[in-house]
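Here's a quick briefing to read alongside the model. Take a look at the structure first, then work through the points below.

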Amino acid sequence: MKRFFLLLIIYTGVWGAKAQDMAALFIEIPDACLPSLESAWRKDLVDLYHAGKEAQLQNTMMGYSKLLTLTPDYLELRLTERSVVEMKILPLINHTHIICMVTTVDAPVSDSRIEFYTTQWQPLDASEMFTPVTADWFIIDDADRESDAFKDALSRMDIDLIKYRLSPD
């Protein structure tokens, strides 16, 4: 009987820890977050990666998605030829975690979108987690804001195209 309870406790501990594992979270991500990669295909990518094989499959966009990096708390996925998705499990207070997901589209200039989720894939308000830089961040303090050159340069900064990367470490 003691052995049964010990196995139950170990199984429960492993199952509870798996909920915080990136592979399990990636498989469970709602299809709306990654519409070009169905759930079964995400599981296949993880299985291929863990088997040491090339983790690449055709996606619904008739292109190929490739799982590049997978650690217990980080994932990098080349979703299409021109887009990359990175996910990182970030710690919060009281041993809770959130997921940061950065989606980058590579065109002539790369641009990223940052989203945050609970580990049950409930969206969180990104403005409470992250403050993106504005165009003013790139302007030196002593710039002559009345000069024609400044006004010309400022007029070209009407679109914020910024590429963000997550560190696996």
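Let's start with a charged pair: the side chains of Glu76 and Arg165 meet in a salt bridge, 3.4 Å from N to O (a salt bridge is a side-chain nitrogen of Lys or Arg within 4 Å of a carboxyl oxygen of Asp or Glu). Glu76 sits in strand S3 and Arg165 in the segment after H4, so this pair ties together parts that are 89 residues apart in sequence. Keep in mind that this is a predicted model, where local features need pLDDT of at least 70 and side-chain atom pairs count only at pLDDT 80 or more, while totals for chains, interfaces and linings use all residues. Residues are numbered from 1 along each chain as its sequence is written, and side-chain values use heavy atoms, with hydrogens and water left out.

**Salt bridges**

- Arg165 also forms a salt bridge with Glu86 (3.2 Å, N to O), and Glu76, Glu86 and Arg165 are linked in a network.
- Glu86 is buried, with a relative accessible area of 1%, and Glu76 counts as buried at 14%, whereas Arg165 counts as exposed at 53% (buried is under 20% relative accessible area, exposed over 50%, partly exposed in between, with a 1.4 Å probe and protein chains only).
- Elsewhere, Lys66 forms a salt bridge with Glu54, with the closest N and O atoms 3.4 Å apart.
- The structure holds seven salt bridges.

**The sheet**

- Seven strands form an open sheet in the order S1-S2-S3-S4-S5-S6-S7, and the pairing is antiparallel (strands pair if DSSP finds at least two bridges between them).
- Helices (H or I, at least four residues) and strands (E, at least two) are DSSP runs, numbered from the N terminus.
- The edge strands are S1 (56-58) and S7 (123-124), and each pairs on one side only.
- S2 and S3 pair over five bridges, and Leu70 has Leu75 in S3 as its bridge partner.

**The nonpolar core**

- The largest nonpolar core has 23 residues; Phe26, Leu34, Leu67, Leu75, Leu77 and Met87 touch the most other members (a nonpolar core is a set of buried Ala, Val, Leu, Ile, Met, Phe, Trp, Tyr and Cys residues joined through side-chain atoms within 4.5 Å).
- Helix H2 (22-28) is among the elements that each supply at least two residues of this core, and H2 gives the most, with four.
- Leaving aside neighbours within four places in sequence, Leu67 is in contact with residues including Leu45, Val46 and Tyr49 (contact means heavy atoms within 4.5 Å).
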